[in-house]
Amino acid sequence: MIIFDNVTKVFENKWTALFNINLKISKGEFVFVVGPTGAGKSTLLRLIYGGDKITSGRLQVFNYLLNNASDKDITNLRRKIGIIFQDFKLLMDRTVSENIEFALRVIGIKENLIPHIIADVLNKVGLYNRRDFYPYQLSGGEQQKIAIARAIAKNPEILLADEPTANIDYKGSDEIIGLLKEINYSGTTVIMATHDHILAETSKKRIIRLENGKIRSDGN
Ligand SMILES: Nc1ncnc2c1ncn2[C@@H]1O[C@H](COP(=O)(O)OP(=O)(O)OP(=O)(O)O)[C@@H](O)[C@H]1O
Ligand SMILES: [Mg+2]
């Protein structure tokens, strides 16, 4: 489903964030990407959804070759990918419900289904009673959960979660991992970046360890 073949990412300022990455992620997997700050976790996730272009190598996601994908390919690719951004990227001038509604409209979900999906995902993250709040009226952890609800609302084939537990307490983190495992169980491939290696290790899933832009290990 995702194949990195000798992928290197060099930014405009000549900083190399990822070196010769080789990686295969199959449909239905749950994978942690672990590593210290600056290791390249967010960059790796960003390449997968076409948020940034690779510098050399070959990157395939579904049937798209991201080396030279057109804008149309990238749009189609993103329809199938849910993204939980490290900084949430919630729309501040829209309520919780409207944030999710917007994400569903973009991908053309039938109008009459939208309220049901919103209620379903907000119940999943336990924040249905905050549906009419604006993001600035929510705590950091609550905003995090709304970002998760929005990402899973489109029932994506791949879910990219960038530090989804960073703003949440210990119990909340367990809940989020439980939620992601549930989503994974229903068929979605989940890739979660975290600096919390203990959280990853206790989850008994595949762990890709990044350090200074290189894969140090890949396994359990
Ligand atoms: N647009 C950019 N231009 C230049 N360098 C960048 C850019 N974005 C990221 N980097 C560099 O690439 C490296 C990897 O960044 P990245 O955001 O992928 O790290 P990370 O593993 O997600 O870290 P964190 O745990 O802090 O989120 C960092 O050293 C960063 O300075
Ligand atoms: Mg990051």
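Four strands make an open sheet in the order 2-1-4-5, with antiparallel pairing. That is one part of this predicted model, where local features need pLDDT of at least 70, side-chain atom pairs count only at pLDDT 80 or more, and totals for chains, interfaces and linings use all residues. Residues are numbered from 1 along each chain as its sequence is written, chains are lettered from A and ligands numbered from 1 in the order in which they are written, and side-chain values use heavy atoms, with hydrogens and water left out. Strands (E, at least two residues) and helices (H or I, at least four) are DSSP runs, numbered from the N terminus. Two strands count as a pair if DSSP finds at least two bridges between them.

**The antiparallel sheet**

- Strand 2 and strand 5 (64-65) sit at the edges with a single partner strand each, so one side of each has no neighbour in the sheet.
- Helix 1 packs on this sheet and touches strand 1, strand 2 and strand 4; a contact here means heavy atoms within 4.5 Å.
- The direction of helix 1 makes about 120 degrees with that of strand 1. For such angles, axes are lines fitted to C-alpha atoms (for helices, over the stretch in contact), and the angles run from 0 to 180 degrees between N-to-C directions.
- Strand 1 (residues 2-10) pairs with strand 2 (residues 16-25) in the antiparallel sense over six bridges, and Val10 has Thr16 in strand 2 as its bridge partner.
- Those two strands form a hairpin with five residues between them, and Lys14 in the turn has a positive phi of about 75 degrees.
- Strand 1 also pairs with strand 4 (residues 56-61), again in the antiparallel sense, over five bridges; there, Thr8 stands opposite Ser56.

- Six strands form another open sheet in the order 6-7-8-3-9-10, and the pairing is mixed.
- At its edges stand strand 6 and strand 10 (214-219), each with a single partner strand, so one side of each is left without a neighbour in the sheet.
- From one strand to the next, the twist averages 15 degrees.
- Strand 3 and strand 8 run parallel as a pair, over five bridges, with Val33 opposite Ala193 in strand 8.

**The nonpolar cores**

- What makes a nonpolar core? It is a set of buried Ala, Val, Leu, Ile, Met, Phe, Trp, Tyr and Cys residues joined through side-chain atoms within 4.5 Å.
- Buried means under 20% relative accessible area, exposed means over 50%, and partly exposed is in between (1.4 Å probe, protein chains only).
- The largest nonpolar core has 37 residues, and Phe32, Ile100, Leu159 and Leu180 have the most contacts inside it.
- Several elements supply at least two residues each to this core, including strand 3 (30-34), helix 3 (96-106) and helix 6 (170-185).
- Helix 5 gives the largest share of this core, seven residues.
- A second, separate core of 33 residues includes Ile54, Tyr64, Ile74 and Ala193.
- Leaving out residues up to four places away in sequence, Leu180 touches Phe30, Leu159, Ala161, Pro164, Val190 and Met192.

**Helix 3**

- Which residues of helix 3 are buried? They are Val96, Ser97, Asn99, Ile100 and Leu104.
- Seen down the helix axis, these buried residues fall within an arc of 165 degrees, so they line one face of helix 3. The arc is taken from the directions from the helix axis to the C-beta atoms.
- The buried residues of helix 3 pack against helix 4 and helix 5.
- After helix 3 comes Gly108, with a positive phi near 75 degrees.

**The magnesium site**

- The magnesium ion (ligand 2) has Ser42 (OG) and Gln86 (OE1) as its protein donors, 2.0 to 2.3 Å from it.
- Donors are N, O and S atoms within 2.8 Å of the metal (3.2 Å for Na, K and Ca); water is not among the atoms, so sites may look incomplete.
- Ser42 is in helix 1 (residues 41-48), while Gln86 is in the loop between strand 6 (81-84) and helix 3, 44 residues apart.
- Ser42 counts as buried because its relative accessibility is 19%, whereas Gln86, at 43%, counts as partly exposed.

- Most residues other than glycine have a negative phi.
- Glu163 is not a glycine, yet its phi is positive, about 50 degrees.
- Glu163 lies in the loop between strand 7 and helix 6 and counts as buried at 4% relative accessibility.
- Lys204 also has a positive phi, near 55 degrees; it lies in the loop between helix 7 and strand 9 (206-211).
- Is Lys204 buried or exposed? Lys204 is exposed, with a relative accessible area of 68%.
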